[in-house]
Amino acid sequence: MQSHTMELPRLIEIGEKNIEDFGKFLYSLNKPKKVSLISGTNVQNVLKSKIEKSLKIKKIQHIWHTSIDNQIKSIDIIQKSVKKDNSDLIVGIGGGRSVDTAKLISYNLSIPFVSLPTAASHDGMASPFVSVKSDKPHSIVASAPLGVFVDIDVIKKAPSKLLASGCGDLIANIIAVKDWQLGHKKKKEYYGRYAADLAMMSAKIVMENSSEFSRKGTDPRVIVEGLISAGVASCIAGSSRPCSGAEHLFSHALDKIAPGIGLHGEKCGIGSIMMAKLQGQDWKKITKTLKDVGAPTTAKQIGIEPDKIIEALIMAQGLRPQRYTILKEKIMTKKTALNLAKSTKVI
Ligand SMILES: NC(=O)C1=CN([C@@H]2O[C@H](COP(=O)(O)OP(=O)(O)OC[C@H]3O[C@@H](n4cnc5c(N)ncnc54)[C@H](OP(=O)(O)O)[C@@H]3O)[C@@H](O)[C@H]2O)C=CC1
Ligand SMILES: O=C(CO)COP(=O)(O)O
Ligand SMILES: [Zn+2]
């Protein structure tokens with residue numbers, strides 16, 4: 001048996017209007033004297049003073065760093081200035097970009113990392129994986145956060161499309177797990193049933209409750225727990241396999257073809273519709289669920305031209321060749337890609 005390591009977060013706090021306890025939370029982890037805080041400008045506008053107040057209670061000094069994009073060059077610049085902080089802890093505050101920036105810098109500098117997600121938009125908040133713009137289109141392994149701190153009130157007030165995007169990232173697990181099973185069957189790849197079932201559970205909770213979400217609004221706490229649990233599933237699997245299959249390859253291809261257009265989870269959701277059809281799964285149910293939670297189901301809704309969707313489907317099959325997916329079995333030509341996108345009403 002080939003061995004792999006499982007690294008999990010040590011402490012996770014989920015509360016509502018608990019941001020004032022953030023300093024206490026950090027103190028309970030490693031009694032930091034000084035912390036480096038990494039976030040974007042929108043998030044700083046919303047949370048800066050509240051976070052500073054909570055750190056003051058525990059006499060924790062802090063230095064802010066602003067994340068603008070996830071280019072490796074920009075991250076290097078922040079890393080240099082974080083190094084000069086001589087801090088005991090690095091905190092990533094925001095959506096996926098700021099959390100990933102902090103996670104990577106923490107790994108490179110061997111300083112513990114805490115994640116404070118301000119949006120339920122992706123499953124990286126509790127995982128050791130980092131997605132940055134580099135030569136690799138997919139995530140790389142860094143370290144899992146020492147702690148994850150969530151204030152549901154902050155998540156509730158974030159732009160609603162971020163929560164819908166998180167639902168898309170969870171629905172993707174339905175495709176990813178099926179692809180993993182395919183890889184196991186065809187290539188004798190390691191398949192972890194526990195990790196696969198855990199990832200599926202997060203997807204199912206969205207699928208089974210979406211009608212209620214469409215009437216009453218999506219429950220942010222359920223989605224946050226689902227995203228944390230999906231991250232833990234990846235920790236257990238030792239790779240992003242349970243949460244990333246052909247639908248993520250499609251999203252990664254769009255990141256290259258149409259950079260900056262659409263959120264990660266939105267693209268994974270649309271990819272899931274098309275890949276579900278290729279896998280022989282119920283793609284119409286996926287479309288309905290995405291609509292219920294207010295996530296886009298067409299290229300037009302995220303502002304991507306139909307020809308870019310075709311290009312992405314063709315490019316996706318060549319990305320991450322070591323990961324076996326349905327795209328290895330259903331070869332995409334211009335004609336088949338067009339047919340797939342049209343028949344699933346993505347274009
Ligand atoms: N590590 C992993 O496994 C994964 C990583 N990712 C990565 O995550 C990134 C995508 O994350 P995503 O969250 O979709 O996008 P971003 O992190 O880019 O966030 C999108 C926008 O939402 C804003 N925002 C976040 N929270 C709030 C809030 N509470 N109030 C107001 N504005 C808010 C951000 O502001 P601001 O500019 O202030 O940050 C930003 O402008 C990509 O870089 C992707 O590669 C995605 C999935 C998994
Ligand atoms: O986004 C992810 C899981 O949801 C990470 O997937 P990748 O490993 O394909 O980048
Ligand atoms: Zn994802």
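Before we look at any contacts, one term: a polar contact is a pair of N or O atoms within 3.5 Å. Also keep in mind that what you're looking at is a predicted model.

So let's start with ligand 2. How far is a polar side-chain atom of H252 from an oxygen atom of ligand 2? It's 2.7 Å, so that pair sits inside the 3.5 Å cut-off and counts as a polar contact. Next, R320: an N or O atom in its side chain is 2.9 Å from an oxygen atom of ligand 2. And then H248, where the side chain has an N or O atom 3.0 Å from an oxygen of the ligand. How much of ligand 2 does the protein bury? On its own the ligand exposes 310 Å², and the protein buries 94% of that.

Now zoom out to the whole shell. Around ligand 2 you'll find, among others, D123, S131, H138, S139 and D169. The list also includes S240, C243, S244 and H264. Sorted by class, that shell has one nonpolar, eight polar and three charged residues. And where do they come from? Domain 1 (11–157) and domain 2 (160–343) each supply at least three residues to the shell.

UniProt, in an unreviewed entry, puts a "binding site" feature at D123, D169 and H252. An annotation like that may be inferred rather than shown by experiment, so don't read too much into it.

You'll find D123 in the loop between β5 (113–117) and β6 (129–130). Is D123 buried or exposed? It's buried, because its relative accessible area is 14%, and buried means under 20%.

Last stop: two lysines with backbone angles to look at. K31 isn't a glycine, but its phi is positive, about 45°. K31 is in the loop between α1 (22–30) and β2 (34–39), and at 54% relative accessibility it counts as exposed.

Then there's K188, another non-glycine residue with a positive phi, this one near 60°. Look for K188 in the loop between α6 (160–187) and α7 (193–216). With a relative accessible area of 70%, K188 is exposed.

Methods: Residues numbered from 1 in each chain as written. Chains lettered and ligands numbered in written order. Predicted model: local features only at pLDDT ≥ 70, side-chain atom pairs only at ≥ 80, totals over all residues. Heavy atoms only, no water. Near = heavy atom within 4 Å. Polar contact = N/O pair within 3.5 Å; in protein donor to acceptor, adjacent residues only side chain to side chain. Areas by Shrake-Rupley, 256 points an atom, 1.4 Å probe, with all protein chains shown as cover. Nonpolar A, V, L, I, M, F, W, Y, C, P; charged D, E, K, R; others polar. Domains from an automatic or database assignment. Helix = DSSP H or I, 4+ residues; strand = E, 2+ residues; numbered from the N terminus. Buried < 20%, exposed > 50% of the residue type's maximum accessible area, 1.4 Å probe, protein only.
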